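Please open the model in a viewer and keep the sequence at hand. The stops below are meant to be taken in order, with one selection at a time.

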Amino acid sequence: MEQITLLMGQKGLIGVIGLMAFLLTYKYSVNLFSWFEDQTYGTRDYLMKQFEFLHFQTPEQKVVYALLAISFGPFFFFIILFL
């Protein structure tokens with residue numbers, strides 16, 4: 001019983017706060033995941049529309065690789081530079 005009191009706090013406040021955080025996260029997870037999807041696929045789709053407008057043909061996979069290189073490329077450069 002003493003271990004449960006240490007884990008939950010004396011009046012169970014830690015458990016209640018944890019449960020509230022879980023429920024709020026669960027409630028807004030749909031909005032959060034749609035935002036993530038818009039940030040990733042939305043950028044690719046926007047670029048593909050612009051390329052189509054300019055009559056520039058490129059596979060979607062190359063656009064994704066270019067976006068990943070732009071995002072993570074500087075990080076790997078600095079890691080290599082400072083190691």
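This is a predicted model: local features need pLDDT of at least 70, side-chain atom pairs count only at pLDDT 80 or more; totals for chains, interfaces and linings use all residues.

His55 is exposed, its relative accessible area being 72%. The residue belongs to the loop that runs between helix 3 (29–53) and helix 4 (60–82). Its backbone also deserves attention: His55 is not a glycine, yet its phi is positive, at about 60°.

Next, turn to the charged side chains. How many salt bridges does the structure hold? There are two. Select Arg44 and Asp45 to display one of them; the closest N and O atoms of this salt bridge are 3.3 Å apart. Arg44 counts as buried, because its relative accessibility of 16% falls under the 20% cut-off. Asp45, by contrast, has a relative accessibility of 34% and counts as partly exposed.

Which parts of the chain does the pair link? Arg44 lies in helix 3 and Glu60 in helix 4, so distant parts of the chain, 16 residues apart, are linked. Glu60 is partly exposed, with a relative accessibility of 40%. With Arg44, Asp45 and Glu60 shown together, one network can be seen, joined by salt bridges that share partners.

The tour now moves to the aromatic rings. Seven aromatic pairs are present in the structure. Select Phe22 and Tyr26: their ring centres are 6.1 Å apart and their planes stand at 20°, so this pair is stacked. Both residues lie in helix 2 (residues 13–27), four residues apart, which is about one turn of the helix.

For the last stop, select Trp35 and Phe36. The centres of their rings are 5.4 Å apart, and the planes meet at 55°, so the pair is described as tilted. Trp35 is partly exposed, at 47% relative accessibility. Phe36 is likewise partly exposed, with a relative accessible area of 40%.

Note on methods
Residues are numbered from 1 along each chain as its sequence is written. Side-chain values use heavy atoms; hydrogens and water are left out. Helices (H or I, at least four residues) and strands (E, at least two) are DSSP runs, numbered from the N terminus. Buried means under 20% relative accessible area, exposed over 50%, partly exposed in between (1.4 Å probe, protein chains only). A salt bridge is a side-chain nitrogen of Lys or Arg within 4 Å of a carboxyl oxygen of Asp or Glu. Rings of Phe, Tyr and Trp (its six-membered ring) pair if their centres lie within 6.5 Å; planes under 30 degrees apart count as stacked, over 60 as edge-to-face and the rest as tilted.
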